[in-house]
Structure formats: structure tokens, C-alpha cells
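Hi,

Here is the structure I promised to pass on.

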Amino acid sequence: MSNTQIKEKNSWQEVVKTVKTLDPNKLEIIKATLPIVKDHGEQITKHFYKRMFKQHPELLNIFNQTHQITGHQPKALADAVYGAAANIEDFSQIMPVLERIGEKHRSLQIKPEHYPIVGENLLGAIKEVLGDAATPEIIDAWADAYGVIADVFIRMENKMYKTAETMPGGWAGYRNFVVEKKVKESDVITSFYLKPQDGKEIASYIPGQYITVKLEIPGEQYTHLRQYSLSDRPGQNYYRISVKREDPKGDNIPAGIVSTYLHTHVKEGDTIPITAPAGDFYLDLDTNLPLVLISGGVGLTPMMAMLNTTVNESSNREIYYIHAAINSQLHAFRAHVNDLAAGHKNVHSFVIYEKPSEDDKEMKNYDKEGFFSLEWLQQSLPTKDADFYFCGPEPFMKVVNKALKQWGVPEERIHYEFFGSFGKLEEIE
Ligand SMILES: NC(=O)C1=CN([C@@H]2O[C@H](COP(=O)(O)OP(=O)(O)OC[C@H]3O[C@@H](n4cnc5c(N)ncnc54)[C@H](O)[C@@H]3O)[C@@H](O)[C@H]2O)C=CC1
């Protein structure tokens, strides 16, 4: 299936047109109470998660516990609820955000039956946090607004489920994949090559998309689900993910449960259930504009899929791949990218090391020391008339985003991926 077909099948614009509408009186109440809900957004959603998990502990099998602790998830939900309610008269304004959430829901197998549970607990949390300020009329209006929002998601996600299931090689729910090969890519990143246990065809994907893996970890009460970007090009008989081992940071951030387990326990021959590829951050292959890929650390995973695909499909699209790492010890796929650059005159590779090692300095195996900067970018690229894609740790992404804006790259040429939250880069504290 081509890029365009996948996008068209998933397009849900007509879904928005058929959405339920809100009674005008209730709409007025929503508009009037939006500021209060926004002010208490995170408080409400934090309370909501506690309340919901108490009543439905089985949902702990779906939600990422680390994101609850870091506050990512409550913030993402608060932003989503506020954004959806603020645009309830016309969802077309926030379509990209809704689509991103829908893709994530599809990947996590969030189903229509989950919506009433979320609704009941969200309204309960609004009531309990706002106290007397939440009159029965206000709660009634928010209940209806939630109904409208849930309706959009359910319809959109139904379409996404159908597409994932009916496309060639596609499937519903989880399918067992066998770890065919485990390859160390750097001191902290290891790749897993996954082949379907049934030996049948696998669904294609667009570079930039991800899969969800489901792991039952001994000693852990609940199942753990994680999304990992596919790090190789589509059109092969395997999926590849490349996972960074998240070691503990200071006293507050523990080691990543799933990434540590994958690195230390999962071996070649083991089976991992995964859902079909999903995600709205992907490479536009229908253009020949110069392509600039910029990654920091483990943010290189979707970029590797984009790079490998473009090299495979186009011999004349200019590709500039900029990767920032701490030093060569932590630089995954270094040899692979060097080989591509040496073998293809349209591939140009740039390396930034924050703290090059003594060996790196001796070998001069990098182009810039320190951090990515606009000045350096302007000196390194022949043009800003290009499509830019980037991914990396948040501070890195903020620097890149700001640099591109300052340079005057139009918004529609700037594409980025957050692992884990739905906000806009400018809004992240
Ligand atoms: N899209 C996302 O949301 C992503 C999130 N992450 C998260 O970030 C964490 C760190 O990722 P690592 O791969 O360990 O990254 P890292 O610590 O190895 O850093 C990667 C690169 O980013 C640069 N960088 C860091 N702070 C910067 C700043 N303020 N300005 C400019 N450049 C900066 C570093 O110099 C380095 O070259 C991960 O634990 C992961 O959870 C990582 C990649 C993608």
C-alpha cells in the first residue's frame, strides 16, 4: 500500500463532519467554564487517574506508569481535554492533535468500551476538584461535551483499527513476533530485529511510525506497554526497533523497567507481542525537496527509518543528516551512516559531539563540538529551502525548533516527534 493510500484510508475528515453537536445552552456553559477547567487542568487529571485506577486497576495494564509519576500523562490529558473542549464547535482546527492521540490509542488498543469509564471518572474528578463551583448544570454540560469528544475519537479510531486490520500484512490486536537478532549499536542502544512467528507477510509502514510492544516482566504486577519507533526502512520481512537502556538518573528517576528488561533479559528466539505500526509523524515521500534530518541521542531511531527509506527510493533527493550525541561511544549507527554517505553522493552526514573523547579528538571524527546551533546550521547547509524532520531529548528539540523558526523556515516544513507527550514544543516548560 502506498503512502498516499495509507493517509487517505486513515483520513477522518468526514468523521468530523458527522459528529454530534452540543446543545447551544450547554455550549455557552462550556465556554464560560473553560478558564476554570484550564486553571485546574492538571489537578483534575491527576485526581482522575488516581480515581480511575482505584476503580479499574486492570487499566494499569494499558497506561505507562512512569508517565504518571513524571506527570507527563496527566499533563497530556489535561491539554487534550482543554484543547478538544475549546474547539468543540469545529474540530478541524485541532485535527492533527486528535489524529496523533487517535494513532496512539489505536496502537495501545484503547477501545470504545474504555470511553465511558474515562468519562465517568473525569466528571467525578471535575466535581471533586472544583467542589461547589461545579454545579449540576456545569457537570451536565461537561458530560455532554465529553460525549461529543468521545464520539469523535471512537469513530476516528474505528477507521484506524479497520485500516490496520485490513491492509496487506495487517492484523488486529497483538501479534507474536520473534526476536531474530539482537545487535548492539552503541554503549546504550541495542537493536531488536522482529519477525512474525506465523511466518506470514507483515504490514508496511511509513518511516517515522512506531509499534507498541507488550511485555510481562517477572515481579511486575501489571503488563508493560511501550512504543518504539521503527528504525529501518519498510518493505523487508522484519521490523527493527532500537532501544536505549534508560539507566537511573540521580535519586529520583529510576532505571527504565522496559528498556532494562529488553537489554538484559530478552534474547534471540524470545517472543514479543506487538500491535501494527501507527503514528502521525512520518516522512513525506511525495516530494523531492532537499531533506534535512536532525537527531539527538536516541531520537535517531525514526531518522534511521527516514534515511534508509529515502536512500533506497531516491538516488537524487539531497539528504542532510545531522546527528548530535555525547561522543562516539554513545553514537549508534555511526558506521552505517558513514557507509551510506560514502556510497551515495546525495547523502551528507554531519556529526555533533557534546563532549568528544580523547580518541574522538585525535581522530577528528566529528564536525562540531558542543551543542547544535543556528549559526553552525547556516554554515553547514547550502539551503533552508528543505523539509526538516527532527527528534531528540526535549532541550535539544527546543533548540532546533527555535533555530529553524529564527532562520525563517516555514511551519509546514518543520516536523518533529515527541516520545510521550502531545504538547507543542513552544509550550514545554
Ligand atoms: N522525542 C522525544 O521525546 C525524545 C526523548 N528522549 C528522552 O531524552 C532522554 C535523553 O536522551 P539521550 O539519547 O540519552 O540523549 P543524550 O543525553 O545522549 O543527548 C543527545 C544529544 O542532545 C544534545 N543536547 C542535550 N541537551 C541539549 C541542549 N540543551 N541544547 C542542545 N543540545 C542538547 C546533547 O548534546 C547530545 O548531543 C532519553 O532518556 C529519552 O527519554 C530522547 C529522544 C527523543
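F333 counts as buried because it has 24 C-beta neighbours inside 10 Å (buried is 20 or more other C-beta atoms within 10 Å of a residue's own, exposed is 12 or fewer, partly exposed is in between, and C-beta atoms are placed from the backbone). It sits in the loop between β8 (319-325) and α12 (334-343), and its phi is near 60 degrees, a positive value in a residue other than glycine. Helices (H or I, at least four residues) and strands (E, at least two) are DSSP runs, numbered from the N terminus.

Before going on, two housekeeping points. This is a predicted model, so to speak of local features we need pLDDT of at least 70, and side-chain atom pairs count only at pLDDT 80 or more, while totals for chains, interfaces and linings use all residues. Residues are numbered from 1 along each chain as its sequence is written.

Q109 also has a positive phi, near 65 degrees, and is not glycine either. You'll find Q109 in the loop between α7 (95-108) and α8 (114-130). Q109 is partly exposed, because 17 other C-beta atoms lie within 10 Å.

**The open sheet**

Six strands form an open sheet with parallel pairing, in the order β10-β9-β8-β7-β11-β12. β10 (368-369) and β12 (414-416) are the edge strands, each pairing on one side only. (Two strands pair if DSSP finds at least two bridges between them.) β11 (residues 387-391) pairs with β12 in the parallel sense over three bridges, and F390 has Y416 in β12 as its bridge partner.

Two helices to look at here: α12 packs on the sheet, touching β8 and β9 (347-353), and its direction makes about 145 degrees with that of β9. α15 (residues 394-407) packs on the sheet too, touching β7 (291-296), β8, β11 and β12, with its direction at about 170 degrees to that of β12. Contact means C-beta atoms, placed from the backbone, within 7 Å; axes are lines fitted to C-alpha atoms, for helices over the stretch in contact, and angles run from 0 to 180 degrees between N-to-C directions.

**Around the ligand**

Which residues come nearest to the ligand? Of the 24 around it, they are G296, G297, A324, E354 and P395 (near means a C-beta atom, placed from the backbone, within 6 Å). α15 gives the most to this shell, with three residues.

**The annotated positions**

The unreviewed UniProt entry lists Y210, R226, Q227, Y228, S229, F418, F419, G420 and S421 under "binding site". Those positions are in the numbering used here, feature names are shortened, and annotations may be inferred rather than shown by experiment.

Two of the listed residues are worth a click. Q227 is in strand β4 (residues 224-229) and is buried, because 20 other C-beta atoms lie within 10 Å. Not counting residues up to four places away in sequence, Q227 touches S107, Y210 and T212. Leaving aside neighbours within four places in sequence, S229 is in contact with Y210, T301, P302 and A305.

Cheers
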